[in-house]
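Please keep the sequence and the model in view while reading.

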Amino acid sequence: MKFDKYIDERKGIFVTKPSLPPLDEYVEYLKKVWDTNILTNFGPLHEEFRERLTKFLDVPLCLPSCNGHMALELTIQAFGLKGEVITTPYTFASTTHAIVRNGCTPVFCDVNENDCTIDANKIEALITDKTVAILPVHVYGIPCNVEEIERIAKKHGLVVIYDAAHAFGVSVGGKSIAKFGDASMFSFHATKAFNTIEGGCVALKDMNLALKLFQLANFGIMGEEVVTGIGANAKMNEFQAAMGLCNLDHFAENVEMRKKVYELYEKMLTSINGVRMLKPYRDDVVMNYAYCPVFFDEKILGKTRDVVYDYLTSKNIYPRKYFFPLTSEFECYRNGNYKGNTEVAKKISRQVLTLPIYPELDLKDVKTICGLIKEFLV
């Protein structure tokens with residue numbers, strides 16, 4: 001069966017599509033904004049969203065933010081960290097930037113090939129007397145080995161801050177992913193499985209840390225005439241909170257639709273020798289299917305990831321090489337004196353394509369994409 005004609009007659013299929021609630025539901029929340037005339041500065045929708053987030057994530061404290069990056073950067077600052085932070089280069093630029101912008105030094109640890117998360121077995125070898133924290137990343141919504149990371153951190157007295165940008169709604173052994181570590185940052189960017197247009201939050205356990213983070217996110221203001229510290233502006237506005245409240249109501253159904261897309265890709269592509277998908281480190285992980293990463297082994301296939309990418313884009317299908325290059329390979333970092341042998345991360349960054357996945361993606365389109373890949377590779 002040939003797929004060229006079918007796909008060329010259609011609009012392009014992109015790697016993601018923002019999830020939007022029914023317009024009338026969003027408008028109902030907007031009416032409340034017009035009624036109160038409060039647009040930002042911890043308005044009633046912000047507070048309602050904060051309370052619902054805290055309950056959903058099953059954590060003691062949760063602070064919404066204007067975006068995930070500011071949430072992460074200010075969380076590192078709230079801990080007062082200065083020194084080396086062990087992290088992964090297989091991530092979005094924001095993770096490393098947040099470390100460096102706080103005056104800390106990233107120490108790059110390699111990743112597991114089977115799930116792309118930080119290799120917990122390689123962390124301890126990187127710990128020095130300058131190490132102050134571990135900043136692992138739940139990649140593609142697939143959780144790190146949280147138990148082993150917790151053991152290492154406790155043994156060495158290190159702070160653990162999770163970059164959980166991709167992992168909203170994920171659980172391990174029936175336990176919310178937000179309950180692990182000292183803090184977890186979630187991104188609510190439009191491209192995520194759950195969005196507030198832009199936005200994010202930090203899940204916390206410690207009230208004193210939450211107060212520091214609140215202060216940092218609000219210019220250091222702690223009263224009408226009281227500014228107790230030097231802060232930034234990371235507040236979430238009412239329009240973002242309204243979108244979050246609407247999308248929370250539809251999150252479970254959206255994840256189920258994403259799951260069907262993901263599982264169809266898995267069924268159709270993993271039968272090809274040289275093509276693989278990821279597997280969480282535990283069988284009781286509940287995923288959110290935020291992304292659909294597929295890995296192409298050039299040694300087996302005789303074709304590189306890049307030629308697969310070029311072929312799909314020529315058919316108006318637009319995957320992403322996500323994550324490529326590694327953050328340690330960016331111009332702003334590659335000449336730095338950063339420790340870490342990350343050969344596995346380098347290898348898989350040259351194999352990965354994240355394929356289109358979103359709740360409204362027609363399963364016929366998924367079959368078409370898989371058909372094109374098979375036709376090209378086999």
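Asp-110 is buried, with a relative accessible area of 3%, and this value, like the others in this report, comes from a predicted model. The partner of Asp-110 is Lys-122, whose side chain meets that of the aspartate in a salt bridge with an N to O distance of 3.7 Å. Because Lys-122 and Asp-110 both lie in the loop between strand S4 (105-108) and strand S5 (131-135), the pair ties together parts that are 12 residues apart in sequence. Lys-122 itself is partly exposed, at a relative accessible area of 34%, whereas Asp-110 is counted as buried.

**Salt bridges**

In total, the structure holds 17 salt bridges. Side chains of opposite charge can pair when their charged atoms come close.

| Pair | N to O distance |
|---|---|
| Lys-122 and Asp-110 | 3.7 Å |
| Arg-151 and Glu-124 | 3.2 Å |
| Asp-283 and Lys-279 | 3.4 Å |

The side chains of Arg-151 and Glu-124 meet in a salt bridge at 3.2 Å. This pair links distant parts of the chain, since Arg-151 belongs to helix H6 (residues 146-156) while Glu-124 sits in the loop between S4 and S5, 27 residues apart. Arg-151 is partly exposed, with a relative accessible area of 38%, and Glu-124 is likewise partly exposed, with a value of 26%. Both residues also take part in a network of salt bridges that links Glu-124, Glu-148, Arg-151 and Lys-155. In the pair formed with Lys-279, Asp-283 is exposed, with a relative accessible area of 72%.

**The fold as a whole**

The secondary structure of the protein comes to 13 helices and 17 strands. Its radius of gyration is 21 Å, close to the 21 Å that the globule rule gives for 378 residues, so the protein is as compact as a globular protein of that length. Along the principal axes, the C-alpha trace spans about 70 × 55 × 40 Å. Of the 378 residues, 54% count as buried, and the protein exposes about 16800 Å², of which carbon and sulfur atoms supply 53%. Among contacts between residues at least 6 apart in sequence, 72% join residues at least 24 apart.

**Helix H7 and its surroundings**

At the start of H7, a side-chain oxygen of Asp-206 reaches to within 3.1 Å of the backbone nitrogen of Asn-208. The buried residues of this helix are Leu-209, Ala-210, Leu-213, Gln-215, Leu-216 and Ala-217, and they pack against strand S2 (61-65), helix H4 (68-78), strand S10 (200-204) and strand S11 (221-223). Leu-211, which also lies in H7 (residues 207-217), is partly exposed, with a relative accessible area of 41%. Together with Met-207, Met-222 and Val-226, Leu-211 forms a nonpolar patch on the surface, with about 340 Å² of accessible area for the four. Just after H7, Phe-219 takes a positive phi of about 60 degrees.

**A buried threonine**

Thr-95 has its place in helix H5 (residues 93-100) and is buried, with a relative accessible area of 1%. When its neighbours within four places in sequence are left aside, Thr-95 is in contact with Leu-72, Thr-87, Leu-135, Val-137 and Asp-163.

**Loops and backbone geometry**

Asn-37, in the loop between helix H2 (23-36) and helix H3 (44-57), has a phi near 60 degrees, a positive value in a residue other than glycine. At 64% relative accessibility, Asn-37 counts as exposed.

Asn-316 also has a positive phi, of about 65 degrees, although it is not a glycine. Asn-316 lies in the loop between H10 and S16 and is partly exposed, with a relative accessible area of 23%. Between Gly-302 and Asn-316 there are 14 residues of separation in sequence and 23 Å in space, C-alpha to C-alpha. Gly-302 is found in the loop between helix H9 (298-301) and helix H10 (305-314), and counts as exposed at 60% relative accessibility.

Which peptide bond is cis, with an omega of about -5 degrees? The bond in question joins Phe-324 and Pro-325, and Pro-325 is found in the loop between strand S16 (317-318) and helix H11 (331-334).

Technical notes:
Residues numbered from 1 in each chain as written. Predicted model: local features only at pLDDT ≥ 70, side-chain atom pairs only at ≥ 80, totals over all residues. Heavy atoms only, no water. Patch = residues over 30% accessible without salt bridge, like charges linked within 9 Å, V, L, I, M, F, W, Y side chains within 5 Å. Areas by Shrake-Rupley, 256 points an atom, 1.4 Å probe, with all protein chains shown as cover. Helix = DSSP H or I, 4+ residues; strand = E, 2+ residues; numbered from the N terminus. Buried < 20%, exposed > 50% of the residue type's maximum accessible area, 1.4 Å probe, protein only. Rg over C-alpha atoms; globule rule 2.2 N^0.38 Å. Contact = heavy atoms within 4.5 Å. Polar contact = N/O pair within 3.5 Å; in protein donor to acceptor, adjacent residues only side chain to side chain.
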